[in-house]
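Work through the exercises below with the structure open. Each task is followed by a solution in steps.

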Amino acid sequence: MTTRDLVLFLACLGFSAVHPLAATLDETRIQAEKGDAAAQFELGSIYKDGVRLPQDLEAAVSWWRKAAEQGNAEAQSVLGIAYFQGSGVARDDVEAARWLRKAASQGHARAQFNLGVCHRDGMGMPKNDAEALKLFRQAADQGFVEAQFNVGMLYHNGAGVARNYAEAVKWFRKAANQGLAEAQFSLATCYTQGTGVSKDAGEAVQWLRKAADQGFANAQGPLGACYFLGTGVARDETEAVKWTRMAADRGLAFAQCKIGECYAQGTAVNKDAAEAVKWFRKAADQGQDMAQFHLAACYAEGKGVTKDDAQAAKWLRLAAEQGLARAQSNLGDCYRDGTGVPQDVAQALSLYRQAANQGDAYGQMDLAFCYHNGTGVPQDDSQALSWWRKAAAQKNATAQFNLGRCYHNGDGVAMDDAEAVRWWSKAAEQGHAQAQFSLSLQYEKGEGVEKDFVLAWMWIHLAAIQGHDAADKHQATLELGMTPAQLKEAEALAKDWEQKP
């Protein structure tokens, strides 16, 4: 969520283009020179616009000042903004705030809002969120939409007032109902998170769409994500790509990354590695960590770009420095193997540990291998077991297999074939060929599990069709001890397993 800043003068002042008492430019000037404050304000605005007269910002300020000194609130308001911008006058935040204060004291909503921004941001005065809230409320109570939104933000953030999400939602809704895209997006976020209102994915989508239809990129990206995931709306990859691309075209980095992923995978678009690289680069150049990670993979594999290990390591480093665990783990591999960087086992170990400590299964598994093999650290099976267990708990099939092997061999733990079978079963169910082969041998020998040639054949067959050489060779030997009925049952089980979604 973001707050609304100063409402720049003339963009939405809402005054008549021609002074109501004058039909021509000459008549406006005559009235202004006679001291009519409304005409002076109008003439200043004509000089500012540069349409009916050549633009002259200094003349604009001069006429606004004349009107402002007569107490014209509209002139005081725009004169304050001119001082903030240094438009037609030297920039002076203190003087800007002084004129805004004069207009605000007359109940001028836009001036109240802008003076609230000054207090909130410490522009021309000490920062004071409580005073900002007071001024925003004054403008909000007059229906000033940006002020309503900012009141919501202060309640949401607990700035200048006790945090109150329900009150924030109330003000977001007021502004959202007036069509302010930022407020619509913020209200959608509240419905998504259940902040100040009950969670409601469908309601969130409705508000996201209202903001997205106005071209608000921060809403278009999440709306696309809702269609990708089927959250609050029927899953629709084509619609998802449409909204995500809109956000990407407007420069939203995470949307650019997502479009890159779509091209890399061929999701609702023709698969195009070069196009994927283009979008990954756009997001990566903005510092988006996942895009940097994907771009590194493109360079490492030569997909959509010439293979370049040094470039791969460069982008991994940028993502790793932002704390992206997968990037830390992969960069660790680069340092371990000397790929794209000088070989440095100590640096590899440090990166693996950073990733592992964030709960990244790949980092945990890499760290486990270091302890298991004594790479950069003293060999320590108990430490290897500990890290494999952490990764296995996250359903990493390789870690589950290795944890099973530890129990089977007694590496860092007492031998326990039943526990080995339990972990190999988890890995085998995920299609891990080595685990399927090892599990087959356990069923064949009846170690850690009741002997069962049917299940032994099913698992060894599944490993063999994945290209596991030892499984392919041993399958025929296993069949020699099976009856035709057992073999038929095993084949049926294997077929059923292969057809599982």
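The exercises cover confidence, salt bridges, aromatic pairs, charges over rings, the nonpolar core and backbone angles.

This is a predicted model, in which local features need pLDDT of at least 70 and side-chain atom pairs count only at pLDDT 80 or more, while totals for chains, interfaces and linings use all residues. Residues are numbered from 1 along each chain as its sequence is written, and side-chain values use heavy atoms, with hydrogens and water left out.

**Exercise 1. Confidence**

Task: State the mean pLDDT of the protein chain, and say over which residues pLDDT stays under 50.

Solution:
- pLDDT is the predictor's confidence in each residue, from 0 to 100.
- The chain has a mean pLDDT of 94, and 95% of its residues reach 70 or more.
- Residues 8-22 stay under 50; the model has 37 contacts for them beyond four places in sequence. Contact here means heavy atoms within 4.5 Å.
- Where pLDDT is low, the predicted coordinates should not be read in detail.

**Exercise 2. Salt bridges**

Task: Give the number of salt bridges, then describe the pairs Arg-110 and Glu-74, Arg-422 and Glu-419, and Asp-337 and Arg-336.

Solution:
- The criterion is a side-chain nitrogen of Lys or Arg within 4 Å of a carboxyl oxygen of Asp or Glu. The structure holds 17 such salt bridges.
- Arg-110 and Glu-74 meet at 3.8 Å, N to O. The pair links distant parts of the chain, with Arg-110 in helix H6 (residues 109-121) and Glu-74 in helix H4 (residues 73-85), 36 residues apart. Helices are DSSP runs (H or I, at least four residues), numbered from the N terminus.
- Both Arg-110 and Glu-74 are buried. Buried means under 20% relative accessible area, exposed over 50%, and partly exposed in between (1.4 Å probe, protein chains only).
- In the bridge between Arg-422 and Glu-419, the closest N and O atoms are 2.7 Å apart. These residues are three apart in helix H23 (residues 417-429), which means a separation of about one helical turn. Arg-422 is partly exposed at 38%, whereas Glu-419 counts as buried at 18%.
- For Asp-337 and Arg-336, the closest N and O atoms are 2.9 Å apart. Asp-337 is partly exposed at 42%, and Arg-336 is partly exposed at 30%. Asp-333, Arg-336 and Asp-337 are linked in a network of salt bridges.

**Exercise 3. Aromatic pairs**

Task: Is the pair of Phe-149 and Phe-172 stacked or tilted, and what is the class of the pair of Phe-401 and Trp-424?

Solution:
- Rings of Phe, Tyr and Trp (its six-membered ring) pair if their centres lie within 6.5 Å; planes under 30 degrees apart count as stacked, over 60 as edge-to-face and the rest as tilted.
- By this rule there are seven aromatic pairs.
- Phe-149 and Phe-172 form a tilted pair, at 5.6 Å centre to centre and 35 degrees between the planes. Phe-149 lies in helix H8 (residues 145-157) and Phe-172 in helix H9 (residues 165-177), so the pair ties together parts that are 23 residues apart in sequence. Phe-149 and Phe-172 are buried.
- Phe-401 and Trp-424 form a stacked pair, at 6.2 Å and 25 degrees. Phe-401 lies in helix H22 (residues 397-409) and Trp-424 in helix H23, so this pair also ties together parts 23 residues apart in sequence. Both Phe-401 and Trp-424 are buried.
- Phe-113, Phe-136 and Phe-144 form one aromatic cluster.

**Exercise 4. Charges over rings**

Task: How far is the charged end of Lys-66 from the ring centre of Trp-63, and that of Lys-210 from the ring centre of Trp-207?

Solution:
- A charge sits over a ring if NZ of Lys or CZ of Arg is within 6 Å of the ring centre and within 35 degrees of the ring normal.
- For Lys-66 over Trp-63 the distance is 5.6 Å. For Lys-210 over Trp-207 the distance is 5.5 Å.

**Exercise 5. Nonpolar core**

Task: Which residues have the most contacts inside the largest nonpolar core?

Solution:
- A nonpolar core is a set of buried Ala, Val, Leu, Ile, Met, Phe, Trp, Tyr and Cys residues joined through side-chain atoms within 4.5 Å.
- The largest one has 168 residues, and Leu-115, Leu-331 and Trp-459 have the most contacts inside it. Helix H25 (residues 453-464) gives the most to this core, with nine residues.
- Not counting residues up to four places away in sequence, Leu-331 touches Ala-313, Leu-316, Arg-317, Ala-320 and Leu-351.

**Exercise 6. Positive phi**

Task: Where does Ala-268 lie, and where does Lys-395 lie?

Solution:
- Most residues other than glycine have a negative phi, and most peptide bonds are trans.
- Ala-268 has a positive phi, near 60 degrees. Ala-268 is in the loop between H14 and helix H15 (273-285), and is partly exposed at 39%.
- Lys-395 has a positive phi, near 70 degrees. Lys-395 is in the loop between helix H21 (381-392) and H22, and is exposed at 63%.

Note on methods:
Helices (H or I, at least four residues) and strands (E, at least two) are DSSP runs, numbered from the N terminus.
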